Amino acid sequence: MPARGEQVPAPAAAESRSLRERVAESRWRRRIAARRSLDAPYRVGVGLVGGLVVAFGIVTIPLPGPGWLTVIAGLFVLATEFAWAERLLEFTRRHVEGWTAWLGRQPVVVRLAIAALTAAFVYGVMVVTLHVTGVPHWIPGWVPLWH
């Protein structure tokens with residue numbers, strides 16, 4: 001319960017703070033930031049981990065699996081410390097929401113066509129990847145791929 005005369009922040013104001021600001025206000029992050037010998041290595045570590053996750057995600061985008069999700073997760077890690085990553089994450093969020101809203105307004109035939117094209121693209125990338133890298137030994141011989 002707030003003391004007399006003390007203002008309580010509005011919920012909307014609390015939600016409008018950026019991810020970076022919310023992390024910076026946490027107790028553990030303030031402790032790290034207070035010590036210069038820890039703050040710089042921490043930021044470098046966040047940059048390296050986030051960068052590696054983003055790089056792995058970019059490499060896996062054309063492959064079956066969560067490539068874009070991995071990129072977004074890496075941006076999320078980077079956005080905890082870097083304003084540019086936070087802006088890029090917000091840009092990505094807006095465009096994904098826009099694409100989702102547009103797709104939701106389309107007739108079922110268009111959505112099914114987009115799903116079929118996406119599945120065909122993923123299948124094609126998988127076949128080409130298996131052709132270039134070789135088919136693993138654990139795939140049964142009756143699977144119609146190159147051996």
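**Exercise 1. Determine which residue has a side chain joined to that of arginine 29 by a polar contact, and describe the surroundings of arginine 29.**

Step 1. The side chains of arginine 29 and glutamate 81 are joined by a polar contact of 2.7 Å. A polar contact is a pair of N or O atoms within 3.5 Å; within protein, one must be able to donate a hydrogen and the other to accept it, and residues adjacent in sequence count only if both atoms are side-chain atoms.

The model is predicted: local features need pLDDT of at least 70, side-chain atom pairs count only at pLDDT 80 or more, and totals for chains, interfaces and linings use all residues. Residues are numbered from 1 along each chain as its sequence is written, and side-chain values use heavy atoms, with hydrogens and water left out.

Step 2. Arginine 29 is located in helix 3 (residues 27-34). Helices (H or I, at least four residues) and strands (E, at least two) are DSSP runs, numbered from the N terminus.

Step 3. With a relative accessible area of 5%, arginine 29 is classed as buried. Buried means under 20% relative accessible area, exposed over 50%, and partly exposed in between (1.4 Å probe, protein chains only).

Step 4. Not counting residues up to four places away in sequence, arginine 29 touches Val23, Ala24, Asp39, Tyr42, Arg43 and Glu81. Contact means heavy atoms within 4.5 Å.

**Exercise 2. State how many helices and strands the chain has.**

Step 1. There are seven helices and zero strands in the chain, and the pattern along the sequence reads α-α-α-α-α-α-α.

Step 2. The chain has 147 residues, of which 21% count as buried.

Step 3. Among contacts in the chain with a separation of 6 or more, 38% are between residues 24 or more positions apart.

**Exercise 3. Describe the linings of the largest pocket and the second largest pocket.**

Step 1. The largest pocket holds about 370 Å³ of space. On a 1 Å grid over the protein atoms alone, a pocket is an open set of points where a 1.4 Å probe fits, with protein on both sides within 12 Å along at least five of seven lines; lining residues have an atom within 4 Å of a point. Grid points are joined across faces, edges and corners, and a volume is the space filled by probe spheres set on the points.

Step 2. The lining of the largest pocket includes Ile61, Trp68, Trp99 and Phe121. Helix 7 (108-133) supplies the largest share of this lining, three residues.

Step 3. By class, this lining has nine nonpolar, three polar and no charged residues. Ala, Val, Leu, Ile, Met, Phe, Trp, Tyr, Cys and Pro count as nonpolar, Asp, Glu, Lys and Arg as charged, and the others, Gly among them, as polar.

Step 4. The second largest pocket holds about 230 Å³ of space, and among its lining residues are Arg17, Arg22, Glu86, Glu90 and Arg93. The largest share of that lining, six residues, comes from helix 6. Its classes are four nonpolar, two polar and five charged residues.
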